[in-house]
Amino acid sequence: TNAAVLASGLESEQTLIKEFPAVTGSEDFVNLFDGLDDVKSVYKFLGIVSEETWAKTQAEGKQVPWSNHNPEFLVDLKAIPLGGKIASTMVLDLMAT
């Protein structure tokens with residue numbers, strides 16, 4: 001959960017986007033668990049860009065510079081280890097509840 005990720009120090013209130021703009025892409029993730037009410041699941045949009053890209057995006061008046069299923073999707077490949085840590089933290093938290 002976001003609370004677990006915040007508690008871990010991997011994200012902060014300043015880096016966590018709490019209101020995400022509407023997107024037109026669809027996700028099939030929920031269909032994976034159809035009829036499996038006892039199976040826990042979690043889904044998180046994870047977008048990580050350089051501080052320079054973030055500053056440029058904010059200066060342009062955009063909320064975020066990326067979104068999956070979007071031609072402007074951007075990821076700083078050096079951030080993949082952080083994404084893995086965030087995903088692992090969320091899974092461990094989910095499994096503990």
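**View 1. Ser8 in helix α1.** Ser8 sits in helix α1, in what is a predicted model. Now hop along the chain to Lys18: ten residues separate Ser8 and Lys18 in sequence, and their C-alpha atoms are 17 Å apart in space.

**View 2. Glu11 in the loop between α1 and α2.** Here we look at Glu11, which belongs to the loop that links α1 (2-8) and α2 (51-59). Is Glu11 buried or exposed? Its relative accessibility is 11%, so Glu11 counts as buried; the cut-off for buried is under 20%. And which residues does Glu11 touch, leaving out those up to four places away in sequence? They are Val5, Leu6, Leu16, Lys44 and Ile86.

**View 3. Phe20 and a nonpolar patch.** Phe20 is another residue of the loop between α1 and α2. Its relative accessible area is 31%, which makes Phe20 partly exposed. Phe20 also belongs to a nonpolar patch on the surface, together with Ile17, Tyr43, Phe45 and Trp54.

**View 4. Helix α3 and its buried face.** Helix α3 is made of 17 residues. From its first C-alpha to its last, α3 reaches 24 Å, close to the 24 Å expected at 1.5 Å a residue. Which residues of α3 are buried? Look for Gly83, Ile86, Thr89, Met90 and Leu94. Seen down the axis of α3, these buried residues fall within an arc of 130°, so they line one face of the helix. Here's a handy bit of background: an α-helix has 3.6 residues a turn, so residues three or four places apart point the same way. What do the buried residues of α3 pack against? Their partner is α1. On the other side of α3, you'll find Ile80, Pro81, Lys85, Leu92, Met95 and Ala96 exposed.

**View 5. Gly84 in helix α3.** Let's zoom in on Gly84, which lies in helix α3, residues 80-96. At 35% relative accessible area, Gly84 is partly exposed.

Conventions: Residues numbered from 1 in each chain as written. Predicted model: local features only at pLDDT ≥ 70, side-chain atom pairs only at ≥ 80, totals over all residues. Heavy atoms only, no water. Helix = DSSP H or I, 4+ residues; strand = E, 2+ residues; numbered from the N terminus. Buried < 20%, exposed > 50% of the residue type's maximum accessible area, 1.4 Å probe, protein only. Contact = heavy atoms within 4.5 Å. Patch = residues over 30% accessible without salt bridge, like charges linked within 9 Å, V, L, I, M, F, W, Y side chains within 5 Å. Areas by Shrake-Rupley, 256 points an atom, 1.4 Å probe, with all protein chains shown as cover. Salt bridge = Lys/Arg side-chain N within 4 Å of Asp/Glu carboxyl O. Expected span 1.5 Å × (residues − 1). Arc of directions from axis to C-beta.
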